[in-house]
Amino acid sequence: MPGPTLEMEPVEPQSLKKLSLKSLKRALDLFSPIHGQFAAPDPESKKIRMSHKINVEYSGMKSAPGQRQVNSGSADVGNQGPGHSNALALTGPADSKDSQKEGTQNALVVGPSLQPKGQNDVGTSGKSTAMVSASAPFSERLTTSAIIERIPSKWPRPVWHRPWKNYRVISGHLGWVRSVAFDPSNNWFCTGSADRTIKIWDVASGRLKLTLTGHIEQIRGLAVSNKHTYMFSAGDDKQVKCWDLEQNKVIRSYHGHLSGVYCLALHPTIDILLTGGRDSVCRVWDIRTKMQIFALSGHDNTVCSVFTRPTDPQVVTGSHDTTIKFWDLRYGKTMSTLTHHKKSVRAMAPHPKEHSFASASADNIKKFSLPKGEFLHNMLSQQKTIINAMAVNEDGVMATGGDNGSLWFWDWKSGHNFQQDQTIVQPGSLDSEAGIYALSYDVTGTRLISCEADKTIKMWKEDESATEQTHPLNYKPPKDIRRF
C-alpha cells in the first residue's frame, strides 16, 4: 500500500537573472563579511591557478628522461644511472645545493621528448632534445612570459576636463580672420583680417567697439602690451605698426622686413618686439626708438611662429624649414636647434605655468621641456591636417585648430585628446572655408576664441552641465610610444 504523498509547496516562478543575483548575494553573505571590498588573495588558490596555467600552456610536458624520481619510494631509483640525455637544463637564479637535491622533482620539459622503453635502460635510449628547467624552485619558474602578470602603464592618466562648446559666432570682417589678441584687462580683444582692418570687440557682449585701418595687406600678427597703451600689428605688407590706443592711430612703424611678416610677439619684461616673416629672419625691435636690435638669422625658410619668455631661452622660433630654434638674446645667436619635426612648425604654445611648450606641425604635436628643449612626448593622437594655431590655458587644456576646421582639445599632462570638434561655416560660405587660423584663450583661460576662414570669430566655453558620468573619459594608455 503506497504511503501518503507529501504535497509540494507551490514555487513562485522567478527569472534566471533574479535567481543568479540571489545566489550571488547569498555567496557574498557567506564568504565576504566586508562588503564593497575584495577578499585578501589566497596563496593556496593562486598556487593552484598558476599550476593550472602552466599545465594548459605546456600541455605536452612529460617527465625528462634521466631524472631521479625523488618522491617515489621504488627500489629501482638507485639503479638508474646518470641519464645521457641531451636535454638543456635551465638552472634558476636560486641555484644552490638544496635546490639541486630537491628541485628536480618539479622539472619542466618543454617540447616533444622520447619516452624510455623501460626503467633500467634510461641511460641508453633516453635521447631527448627537450628544454628542462632543472633546478629552479617553483616560485622562480612562475615568471614565464606565458603567465607573467601585466604591469600597469606608467603613462600618466589624463585629468578629466569638461567638453567645450561654441556659444557665440561674431561676423563682421569681410575677409579671412587671421590673428587675435586679448587686452590684459580682459575687457576687449582685437582681430586682424584679410580685409586689411583691425577690429576691436567687447568680450562680454561680442559687440564691435572700433575698426582701425592702416595696413594695405592682410594682418597676420597682433599683440597688446600689458605695460603701455600700445597695440602692435604686422601684415603681409612688410609693415609692423605700433598703435596708440588712447588716440587710436599709428604712432610708430618698424621698417626692415624684406617680405611679409607672419608672426609677432612682445617680450614680457623688456620693451622689445619680435617679428618673424617670409624673409626667414626673426627681427628684434626696440619699441621706443624703432631701431632693429638684432636680425636673428639661421632659419632656411619662413619664420611662422614665435614666442618669448622672461628667462633663457628668451626667444623661441618655429619655421617652415621644420626646425625650432632657441635664441640667445644677449648675442643674437642660436642657442640650440630642435629637429624633431618633419613638416613646417606653424604653431607653438608655451604653458602658462610649467617650463614646457608644445609645437604643432602636420606630422605630430610634440611637447618639449624648457630651458634645455628636451623632447618629452608626442600627443597621443594625430590630427592629420595642417595645424595653424594652438593655445594652452592654466588648467592644462590645449586647443589646436586645423586647416580643415577641426578643433581638438587635449589634456596637457598626458597628451590625451579628449574632444574633437568641427566648426560649422556660416550660411553662404563654402564647406572648404572651414579653416581655423588663430586661437587664443582670454586672460582667465575660461573662454576660447577661434578666428576662421569663413570670416567669423567663434567663442567657446566649457559645458557647465557636463559631468564625469555624462562625458566619461575614454582613455587607453599607449602601447608603444614613438620617440620622434
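Modeller: Let's start with a rule: a charge sits over a ring if NZ of Lys or CZ of Arg is within 6 Å of the ring centre and within 35 degrees of the ring normal. Please keep in mind that the model we are looking at is predicted.

Colleague: Happy to. How do you know that R220 lies over the face of Y262?

Modeller: R220 is 3.9 Å from the ring centre of Y262, and the limit is 6 Å. R220 therefore counts as lying over that ring.

Colleague: And how far is the charged end of K461 from the centre of the ring of Y167?

Modeller: That distance is 4.9 Å. The limit of 6 Å applies here too, and the charged end of K461 sits over the ring of Y167.

Colleague: Back to R220. Is R220 buried or exposed?

Modeller: Its relative accessible area is 19%. Buried means under 20%, so R220 is buried.

Colleague: What makes D236 and R220 a salt bridge?

Modeller: In general, side chains of opposite charge can pair when their charged atoms come close. For D236 and R220 the distance from N to O is 2.9 Å, and the cut-off is 4 Å, so the pair passes as a salt bridge. D236 lies in the loop between β10 (230-235) and β11 (240-244), while R220 belongs to strand β9 (residues 219-224), so this bridge ties together parts that are 16 residues apart in sequence.

Colleague: How many salt bridges does the structure hold?

Modeller: There are 9. Another one joins R283 and D279, with the closest N and O atoms 3.1 Å apart, and both of these residues are buried.

Colleague: Let's turn to the aromatic rings. Why is the pair of W176 and Y437 called tilted?

Modeller: A pair of aromatic rings is described by the distance of the centres and the angle of the planes. The centres of W176 and Y437 are 5.2 Å apart and their planes are at 35 degrees. Stacked would need under 30 degrees and edge-to-face over 60, so this pair is tilted. W176 is partly exposed at 36% relative accessible area, whereas Y437 is buried at 15%.

Colleague: And what makes F326 and F357 edge-to-face?

Modeller: Their planes are 65 degrees apart, with 6.0 Å from centre to centre. Edge-to-face asks for over 60 degrees, so the label applies. F326 is part of strand β19 (residues 324-328) and F357 part of strand β22 (residues 356-360), so this pair ties together parts that are 31 residues apart in sequence. Both F326 and F357 are buried, and they belong to one aromatic cluster together with F307, F368 and F375. The whole structure has 13 aromatic pairs.

Colleague: Now the cysteines. How many disulfides are there?

Modeller: The count is 0. Take C282: the nearest cysteine sulfur, that of C263, is 6.6 Å away. A disulfide needs the sulfur atoms within 2.5 Å, so C282 is in no disulfide. C282 counts as buried at 1% relative accessibility. For C451 the nearest cysteine sulfur, that of C190, is 9.5 Å away, and C451 is buried at 0%.

Colleague: One last residue. What makes the link between the side chains of N417 and Q420 a polar contact?

Modeller: The distance is 2.7 Å, and the cut-off is 3.5 Å, so the link qualifies. The N417 side chain also reaches the backbone oxygen of Q419 at 3.1 Å. N417 lies in strand β28 (residues 417-422) and is buried at 9%. Leaving aside neighbours within four places in sequence, N417 is in contact with S381, W408, F409 and W410.

Key:
Residues numbered from 1 in each chain as written. Predicted model: local features only at pLDDT ≥ 70, side-chain atom pairs only at ≥ 80, totals over all residues. Heavy atoms only, no water. Phe/Tyr/Trp six-rings, centres within 6.5 Å; stacked < 30°, edge-to-face > 60°. Buried < 20%, exposed > 50% of the residue type's maximum accessible area, 1.4 Å probe, protein only. Helix = DSSP H or I, 4+ residues; strand = E, 2+ residues; numbered from the N terminus. Salt bridge = Lys/Arg side-chain N within 4 Å of Asp/Glu carboxyl O. Polar contact = N/O pair within 3.5 Å; in protein donor to acceptor, adjacent residues only side chain to side chain. Contact = heavy atoms within 4.5 Å.
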